[in-house]
4 protein chains.
Amino acid sequence: MGSEIHEACGLFGVWNLPDAVELTFRGLFTLQHRGQEGAGIVSSNRERLRSHRGLGLVSEVFKSADLELLKNPISIGHVRYSTAGSPTLQNAQPILVDYWRGQVAVAHNGTLVNAQVLRREFEAAGSIFQTTSDTETIVHLIARPGFSENRAAILDSVQRIKGAFCLLILTPRELVAVRDPHGFRPLCLGTLEGSYVVASETCALDLLGAKFVREIKPGEALFIDDWGLDSRRFGEPQKQRAQCIFEKIYFARPDSRLNGESVHLFRQRLGRQLAREYPVEADVVFPVPDSGNSAAQGYALESGIPLDQGFIRNHYVGRTFIDPDAKDRGRKVNMKLNTVEEVIRGKRIVVVDDSVVRGVTTVEKIRQLREVGPKEIHLRVSCPPIRNPCFYGIDFPTKEELIANGREVHEIAKMLDVDSMGYLSVEGMLSCVPDEPMDYCHACFSGNYPVQIDPKQTKEMLEHPADLKCD
Amino acid sequence: MGSEIHEACGLFGVWNLPDAVELTFRGLFTLQHRGQEGAGIVSSNRERLRSHRGLGLVSEVFKSADLELLKNPISIGHVRYSTAGSPTLQNAQPILVDYWRGQVAVAHNGTLVNAQVLRREFEAAGSIFQTTSDTETIVHLIARPGFSENRAAILDSVQRIKGAFCLLILTPRELVAVRDPHGFRPLCLGTLEGSYVVASETCALDLLGAKFVREIKPGEALFIDDWGLDSRRFGEPQKQRAQCIFEKIYFARPDSRLNGESVHLFRQRLGRQLAREYPVEADVVFPVPDSGNSAAQGYALESGIPLDQGFIRNHYVGRTFIDPDAKDRGRKVNMKLNTVEEVIRGKRIVVVDDSVVRGVTTVEKIRQLREVGPKEIHLRVSCPPIRNPCFYGIDFPTKEELIANGREVHEIAKMLDVDSMGYLSVEGMLSCVPDEPMDYCHACFSGNYPVQIDPKQTKEMLEHPADLKCD
Amino acid sequence: MGSEIHEACGLFGVWNLPDAVELTFRGLFTLQHRGQEGAGIVSSNRERLRSHRGLGLVSEVFKSADLELLKNPISIGHVRYSTAGSPTLQNAQPILVDYWRGQVAVAHNGTLVNAQVLRREFEAAGSIFQTTSDTETIVHLIARPGFSENRAAILDSVQRIKGAFCLLILTPRELVAVRDPHGFRPLCLGTLEGSYVVASETCALDLLGAKFVREIKPGEALFIDDWGLDSRRFGEPQKQRAQCIFEKIYFARPDSRLNGESVHLFRQRLGRQLAREYPVEADVVFPVPDSGNSAAQGYALESGIPLDQGFIRNHYVGRTFIDPDAKDRGRKVNMKLNTVEEVIRGKRIVVVDDSVVRGVTTVEKIRQLREVGPKEIHLRVSCPPIRNPCFYGIDFPTKEELIANGREVHEIAKMLDVDSMGYLSVEGMLSCVPDEPMDYCHACFSGNYPVQIDPKQTKEMLEHPADLKCD
Amino acid sequence: MGSEIHEACGLFGVWNLPDAVELTFRGLFTLQHRGQEGAGIVSSNRERLRSHRGLGLVSEVFKSADLELLKNPISIGHVRYSTAGSPTLQNAQPILVDYWRGQVAVAHNGTLVNAQVLRREFEAAGSIFQTTSDTETIVHLIARPGFSENRAAILDSVQRIKGAFCLLILTPRELVAVRDPHGFRPLCLGTLEGSYVVASETCALDLLGAKFVREIKPGEALFIDDWGLDSRRFGEPQKQRAQCIFEKIYFARPDSRLNGESVHLFRQRLGRQLAREYPVEADVVFPVPDSGNSAAQGYALESGIPLDQGFIRNHYVGRTFIDPDAKDRGRKVNMKLNTVEEVIRGKRIVVVDDSVVRGVTTVEKIRQLREVGPKEIHLRVSCPPIRNPCFYGIDFPTKEELIANGREVHEIAKMLDVDSMGYLSVEGMLSCVPDEPMDYCHACFSGNYPVQIDPKQTKEMLEHPADLKCD
């Protein structure tokens, strides 16, 4: 729920608008949910690239003076979550380098399954690495000598990397948007005032007043320059996509549209399906806000049980309160959510959330509800149990920390102290997608991995997951 | 809506707990919605008082080192909204002074109607004023010579002030909670670990794990010291209360209980009543989040029209984004709310909000909805038109700025570009209160002022409303 | 030496120049040595006063945005040193208040000997005090009713206060510069671009390009307004002045002129006199930089012993290094001064400083010199032993902490581990002043106090010196 | 003078002391004069390296929490000056990278004359560069494959770089101090509590209580590990050294010892020689403080003209005042230096400074002196005219900006408005060194460059000096 898992990144790019940098800043702001630990922008005046990166929220990293210094008509930006204990500035993106052809900057969302193998090869040949991110490996690939022109070098490079990746690549006179052949992570193209913008999610287009054009296609490298768009295909054609279903369930903003459909409506359908799979006699349905909002609505509509608000969220809770909270030992108090007694006391309540990962915060919320005195608590989760690691960019905790690891649902229900518990089935979940179920990756639920992982890398990933965390 | 109006203050106090200051910090944090411009804490070790105050959010004003320096078993705190152009530190509260009897600190929520008269009297006698707040006048009253003991001085002082006020008064060995005889603003007593806490709203008790005991009674001065509680009455007994109904409609957190009843449920009832007064044929109901959430729920339940989410709120929007937003001239874009096209396009939609004050942000939201292409927009507001100034502590804009000033509802509907508009009636609103309608102040809607205002002060207030702004 | 004692304040004012506030900022900057703990500016647009105050160095307190907000043609400013453990913002100056006549701001340099008595009287009459500074007492005096006009009120007020004081008083249309009848602290008038500036020291005039006009006379209240200057006399005429000789020896910048004469030259004369009183056979003379620079020069010139640099000062040592330094336990290292071995080793050295107060840092410096291996160390101090508290504004440590308290010079020499030690005699010191020796206060050396102290206040001052510390 | 030129860097390293990081912090602090734009520390726990770098002064970059995180027994640090318009974090040092053998960090003081050539070679082979500093080139060299062990790789690498360089190289278990075969820049070894420290200047040893052992020899790579010291020679043996004489004249702290001799005494000798070369009838000699202090002393001693202080420096002037100063248009005022009228007016004065580079600040100081009314001004400069660029690490302005470029001394005197001017001769300067004049580089004065510069690089350096500026 909410604070337990974190995806790696958000991307935003603008081609040729006078206030491209300001727009990128705003675009990153709307993608802040995809990464709160760092942000960066690289801009181009068609001759040189400029960079500003920092740790923290977008609004903390960029002051107006920084935006002023970056001011240029072409720009890409990145928000990231760092998995290592202390987030380091070195890993901030986009990475900007000098190489034989000039300058190039790369921003990346995803995880490469062959990054370690490639890194070893580069190191063996004498290369140095200043970050621990996959992105630097991509830059090394692009910088290899022997390509007569930029596009050839980039296409050859993206051909060699495997796994989940969306990239924005910027050279002084070219912006390239790349999506891996399986289409794990989202990336879309929009237009604004006669020019182009690229964003991880459509909500960023909406909030800037840009019009959605289309998604970047799996296996597409879209080159944008002063001559317009040039779309190139790379990688072996895949029979099916492997879009991350967890993006739709959890990460994406509900006001985004993935694969042409509203995330909010999809989640509502999950809630309806959940009501069909796990009906219950109850007096009231309410979500864990805001993660469960859409699904709870669906559950209420399908079941006919009235929807209400049993939890109220404090909007001022943010990172600013982390310190004092962490120091809290003696008293176990949740400053973020309060309960509404009248909605809960003596009632049979259905609580809906979008997921349960480690279960730590869920335990606490159920305990908080119990104290108010409901007659029964029925927990409904609008996705299946998470039992497998993700090798494509979602930063789940280690397998041992997953509450569903090695536990039956009734055992989990007991741990959480709920009267009944229902997880959506994999089939039920897949029945809600607007297109082909086969076009989705659901490895975290099913263990069915669409992309082969280098065995050495897997071992290492399982042992040192943080070291691999890309972005 | 949301950012248009601001009340002056929130109060929190703790008697005799080892971590009183940390608790007060947390208490203020939960009351942050009552004032975001400044915060302060004064604590006592039973011999001396210590103070720390500053501008900004609670989490910005207090660093752990500040809390460490304040560490004492008795503590009061205050959050405030400053109405003057640039908030000034001088006006921060609690005010702490030396006087002939020793030290006293006062924190205040409300507005005195005779503050200016009293201030003139004090100034004429040679007193100096270092702030523009009513609170300093109260301190001058308490400091007058001639009282044999503290309680007499305090009781005489609160007798002399008129208007809306909740006070926390701290001397080294005594904490006093005061509520004016009309009970305009809320103030409640709780217990925690065998001792007492006082808070503007019950949500602060809940979130700290304290138990609600009772509200401070109108006309009560509750003295808390090492001998326990001592409740004193002051002021002429009032036939009826004048509880601010706008607190219930707008200011209080929905998870608070006012006068023993859930604010959320009251707002739901307002929504139901609104559905009865202004029914409409429609496909979907949704709130302006989060201010309209409860009322929209009530409207949906009563009308049978399905509730959905047409607006999605960006949780990262905060004060940090104010600057860039303000600079935005060319593009009119709302970074805080996005729309969900599927919920809106081609539909007859009912949008519910808790209030419309100046109407500026409402105009923009309706415009944003229109762009998505609904068939019809029906705006429902869960309170009557606001047409009169508040002299008791709510910082409305000047009369000229109120959208309902001198306009009929159909004119407002036209300005806002909605197909129909419904404001709740005063009678309908009063029919939803859980107790006696006569016990509420609704002057901002009805023009019916329960407390006489000094005519000179009124004139001044109307001319220079900001100068009077209490706190 | 340097960091051991601190005077209370510096004053700067500008009448009617377009960039008065910027000039005041710069003026305070040049007076930074008179107080590093806080700074404040109040400015006037002839109708209202505006204030900005804060803790820290002038350059930390005022950002360009603050100066912009203050922008007005009339301005006064203050730098202060706070003696209490943690400096508090409440005590920052100038103090700005509203009173019956309007607004007034006061900035003060000195200490009143009857402040406590007056404060008690005001408190007994019901007044409240929000600071612990003498200045607030002065403001209460000015605010008393019954005076037909401003000047009468101010003249009556300054008549009633006793002790050492220089004041800048600002009302919307008048700036008043006041110096006590004994003339303890310096205050001078200058002209700049056809208008007036007032400053504690002449160096502030020089560095702003202003021309020195004259000192404010003891017992003068100089009113500056749009009609020009109006000089008024107050207090009983004194037969002699009581200028603080410690200002000339220690506090004032060497590039200032006090009573018409260069501070640097005066200190050089002290060094010459010191050489006559305490000659010694030696190879080299050098100062403790920079406090002993001028006197060491005088000593070298008079004695014929070559002047050199035995100590080199690190210019980057500042407050920023206080923390790490304080944490240093195991290693006793002085980061501020280094020695030049070639100047010291095997030599008979004369070290000259301007004063020895507690002796703590002197002990350390001598130890540092000893480690380099000089043949002999002869310490010469260009003032007499400090054995008495100052009641007029110099913040000496308590009597017990003074190294010269109850010790003969040979005992001090032994404590400090020097081969010989010479303090300048009181007579020798007074022989160096350019005017009448009787016109100086040297109570800290001689115990001869020129102004009667209220006995109650004295007792209190001796017991709680910090509480009295004015500013 | 003072603020006109800046050298690139200072180095400090500690081997195996419990508080190595704290010591490195302090060491950098004492070397702050060698670079104020950025600082960094990398430490080792013998397994992994940790890094913290930032922009600003040492005391700004490192907070106690940063030092705590770095806490390790082995540590190297760096202070730098960035020549580019806006200093960038990317160029901060030490650079820390991963490569095939593990981790390595490099800190560099100097400039390589073949850096660009090497960089081109690396880029042609596909390497990427994330900084514009020479240091990254060195890291690429060390990371090349094919060396059986670390020392071989490092020795081969330092063999291949040409120019001026002192390096500290850190791997998890080894600290290496390297000085180029000409010995351009200083680097010395000390002992502290049984272990080793390395520093750019001896003052850093003194101030930490470490004992000086010896200088790192030109062409020496000194490996320090748990087995002790291992000194290796590299590069072709040079017939003579090329120690930078400008370090002795200008950069080094006067309390440092270079090549075994006090910098202060050397500068005093320069002053004496200057008095012999350019004697004058005058009343007083004084320095531009503090840069001219030692030389002015020498001039006074040799000439018999009394030494005094005509300028007084404000110790609070620092970077904090840069902004307001820069904004100052109308009034041309020097906030840093004030004059002492009595020393100057009507006198024949000799002003001594250590150098005149662009002459901008000198013009202003002379103007300031003129205003006080001296009879004559005689400017004496304790080095020859600077007429040539430095390719070995001193960041002079471009040739066009040098005041001595294309001007005879009498022309310069006229520009500066002095009655006479004397620059020390090259021969006179060299006659003051304690060892062989041939062992010094004085190319900036004589145009005699001891190390061949790659012609392409020279051209580029002359055209884009900033891009080359290493650090």
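**Close-up 1. Chain D and chain C of this predicted model are related by a rotation.** Chain D is superposed on chain C by a rotation of 180° with 0.0 Å of shift along its axis, at an RMSD of 0.0 Å, where copies are superposed by least squares on the C-alpha atoms of residues with pLDDT of at least 70 in both. That is the relation of a two-fold axis. In chain D, the C-alpha nearest the axis belongs to D:His315 and lies 3.9 Å from it. Both copies use the same surface, since 100% of the contact residues of chain D recur in chain C; two residues are in contact if their C-beta atoms, placed from the backbone, lie within 7 Å.

In this predicted model, local features need pLDDT of at least 70 and side-chain atom pairs count only at pLDDT 80 or more, while totals for chains, interfaces and linings use all residues. Residues are numbered from 1 along each chain as its sequence is written, and chains are lettered from A and ligands numbered from 1 in the order in which they are written.

**Close-up 2. Chain A touches chain D.** Here 18 residues of chain A are in contact with 18 residues of chain D. On the side of chain A that touches chain D, at least two residues each come from strand 6 (95–99), helix 4 (115–124) and helix 5 (134–143) of chain A; helices (H or I, at least four residues) and strands (E, at least two) are DSSP runs, numbered from the N terminus.

**Close-up 3. An open sheet in chain A has 7 strands.** The strands follow the order 4-3-5-2-11-10-12 with antiparallel pairing, and two strands pair if DSSP finds at least two bridges between them. Strand 4 (49–55) and strand 12 (211–215) of chain A are the edge strands, each pairing on one side only. Within the sheet, strand 2 (residues 9–15) and strand 5 (residues 74–80) of chain A run antiparallel and are joined by 6 bridges, and A:Val14 has A:Ser75 in strand 5 of chain A as its bridge partner.

**Close-up 4. Helix 9 and helix 10 of chain B cross.** The axes of helix 9 (residues 263–277) and helix 10 (residues 293–303) of chain B come within 6 Å and cross at roughly 45°; axes are lines fitted to C-alpha atoms, for helices over the stretch in contact, and angles run from 0 to 180 degrees between N-to-C directions. The two helices of chain B are therefore oblique to each other, because angles under 35 degrees count as roughly parallel, over 145 as roughly antiparallel, 65 to 115 as roughly perpendicular and the rest as oblique.
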